[in-house]
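Keep the viewer open as you read.

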2 protein chains.
Amino acid sequence: MTLPRIAVDAMGGDEGVRVMVEGAALARRRHEEFKFLLVGDEKRIAAALDNHPGMRGASEILHCDDVVGGDELPSRAMRRAKTTSMGLAVNAVKTGEAGAAVSAGNTGALMAMSKIALRTLPGIDRPALAAIMPTLQAHDVVMLDLGANTEADARNLVQFAVMGAAYSRIVNGFERPVVRLLNIGTEEIKGTEELRGAAAMLTAASAGGGLALDFDGFVESDKINRGETHVVVTDGFSGNIALKAIEGSARFVTDLLRQAFTSSLRSKIGFLVSRPATELLKHHLDPNNHNGAVFLGLNGVVVKSHGSANAKGVANAVAVAARLLENKLTERIAHDLAELGQDALGRNGKGRASGDGEVAL
Amino acid sequence: MTLPRIAVDAMGGDEGVRVMVEGAALARRRHEEFKFLLVGDEKRIAAALDNHPGMRGASEILHCDDVVGGDELPSRAMRRAKTTSMGLAVNAVKTGEAGAAVSAGNTGALMAMSKIALRTLPGIDRPALAAIMPTLQAHDVVMLDLGANTEADARNLVQFAVMGAAYSRIVNGFERPVVRLLNIGTEEIKGTEELRGAAAMLTAASAGGGLALDFDGFVESDKINRGETHVVVTDGFSGNIALKAIEGSARFVTDLLRQAFTSSLRSKIGFLVSRPATELLKHHLDPNNHNGAVFLGLNGVVVKSHGSANAKGVANAVAVAARLLENKLTERIAHDLAELGQDALGRNGKGRASGDGEVAL
């Protein structure tokens, strides 16, 4: 198949146009078939393209003057969906001008715009934000929701489980990923009513054999990175708390390590000698290597690149978008939901008032 | 003043009597005035005391045969409050036979028994579990609730803030600790209704000047260990998720580091050379050095030692109990609540059904 082109919001992110275009070019060096719709200030995009001659023929520029601010309220940004680079990139997915959109801008605004433009899939009440994180094993762990919804009921959590499993199958190749619900203990009585309800529904559906995943109860947040769980399912509040706690703690330990290694001449020498080892660690923990969070549950692929990602990180986000297109993520989720049966989940309803646009990753 | 003696549940914890008695002895080597009521199997306690001659004169043994199981439901354990080592240790605080209790047993059971035996302080609807964690600065950060209550309303969170500040003043010596609410963003509109309500109440109370703390809005979980916040306030679910995510992530990074350092001869040599530096890191991250979580808001001091703590960890938990007694934690909290004024907090009511006994740290 011919890969549909990828719309890139060239204006988002801390570094702006240069890094976004360089990231797209880097991704294309690995995958020659990638084509782009670069959305934003034409002059600046053209100037950035000058450094990447190979990109010219693979890119079309969609000019606009307006940009969503990093601190802007999603409700305000949404009113400018037709004029901003973010809004136009998402809209290109809606109209079919692009197969997927990548943006490093305001997460809440991207979520709100994507939901309005692309709508949720049949059988999905709310989309969720999913990311991958490194583990002690060779494979990554998928965690969702990371902040698209401040609250989630049992049915939402079951839908997140199905979406997360589809994502895990694509990025890690597991036929039946091991899925667990994030909780504060592993016994059945632990946690909230929503968690216990979701566990009961997933256990019943797993026993029926219709689900392409292995549901295995609860997992505590100290086990997320062990690699025994392939998909960690949670509401957006807890997921955001867990994700950022993991990131902050990893940074804390590496900061302490840096302090320790520079505390004496002897330890500086030791550091130099063991450099290849610490470089390996650095590579493993570099968030750019895991960049690209995905809004799951929409009629289309939207990938959020971290605001502070470098070109390598942007290239990873672009590659994630391409991979999800190639592997027909949207169709897979729709298929899995149909398998699960609407009885277990209820119909695609209005759900509760959504807490979207709450979070900046 | 003469320090009241400390009741030690000698039967709790993964290692049992030997470690608990050794921990008490270690604490006493640093603080000769410590006296103990050791609760549990008399023979085994007496045997353990044989290794610590100095402890004989400083200890009384309270014999019992019954022990609370690690996986036991709190509701079941509570029925044996009069026969178990944990129940009797807590009861000794109630009767005044001891000033504080330390246990390494089942957290949920300890919480439930403490609540029933000691009751909450006037002005406190629910007790909370608080712990200290290392930061990049010289001082520690206090975080609460860590799992005593699965949910917390705005008033509970304000009470946690007052209790956490009192604790921080004692352990870190800040006159007005910087207190923040854990949230998924720092803007005023972020998070749940409970968080926004608590923020409004704390802002108003701070402005009045009556609070012995500086409330400074929200903090995200990646900043907990930076040291800029002295007290992080949250509900027990999010607090437990954040605490364990931090612990798990720190272990993940140190596991990767160990893998990296043993991956080649060169890195092994580098490791040996820089050993003093990595030992410093190890010391800083050793949970035994921060052992001793405290149930705040009760008419008495109850300290939870980690189930897997070694003797050094138990000694720290005992020292925490002593320090809180010396500094009259309970009286301070009662005083601060009175200062705050009951109007802001409402009266000490029944509150909602408590989610206590939910969690095992």
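Strands here are DSSP runs of E at least two residues long, helices are runs of H or I of at least four residues, and both are numbered from the N terminus. Two strands pair if DSSP finds at least two bridges between them. What you're looking at is a predicted model, where local features need pLDDT of at least 70, side-chain atom pairs count only at pLDDT 80 or more, and totals for chains, interfaces and linings use all residues. Residues are numbered from 1 along each chain as its sequence is written, chains are lettered from A and ligands numbered from 1 in the order in which they are written, and side-chain values use heavy atoms, with hydrogens and water left out.

Start at strand β10 of chain A, residues 293–296. On one side, β10(A) runs antiparallel to β5(A) (residues 128–133), with three bridges joining them; A:A130 sits opposite A:V294 there. Three bridges also tie β10(A) to β11(A) (residues 301–304), again antiparallel, and A:F295 has A:V302 as its bridge partner. Four residues lie between the strands of this β10–β11 hairpin, and in it A:G297 takes a positive phi near 100 degrees.

Which way do the side chains of β10(A) point? In a regular strand they alternate between the two faces of the sheet. In β10(A), both faces are covered: A:A293 and A:F295 on one side, and A:V294 and A:L296 on the other, are all buried. Buried means under 20% relative accessible area, exposed means over 50%, and partly exposed is in between, using a 1.4 Å probe and protein chains only.

(A pocket is an open set of points on a 1 Å grid over the protein atoms alone, where a 1.4 Å probe fits, with protein on both sides within 12 Å along at least five of seven lines; lining residues have an atom within 4 Å of a point. The volume is the space filled by probe spheres set on the points, which are joined across faces, edges and corners.) It has 44 lining residues, and the closest to its centre are A:E247, A:R251, A:L285, A:D286 and A:P287. Elements giving two or more residues to this lining include β5 of chain A and α8 (236–261) of chain B. The biggest giver is α8(A), with 11 residues.

How are the two chains related?

A:T192 touches B:T150 and B:F237, leaving aside residues up to four places away in sequence, where contact means heavy atoms within 4.5 Å. At 18% relative accessibility, A:T192 counts as buried.

The peptide bond from A:L144 to A:D145 is cis, with omega near -5 degrees, and A:D145 lies in the loop between β6 (141–144) and α6 (154–172) of chain A. A:K328, not a glycine, has a positive phi of about 50 degrees.
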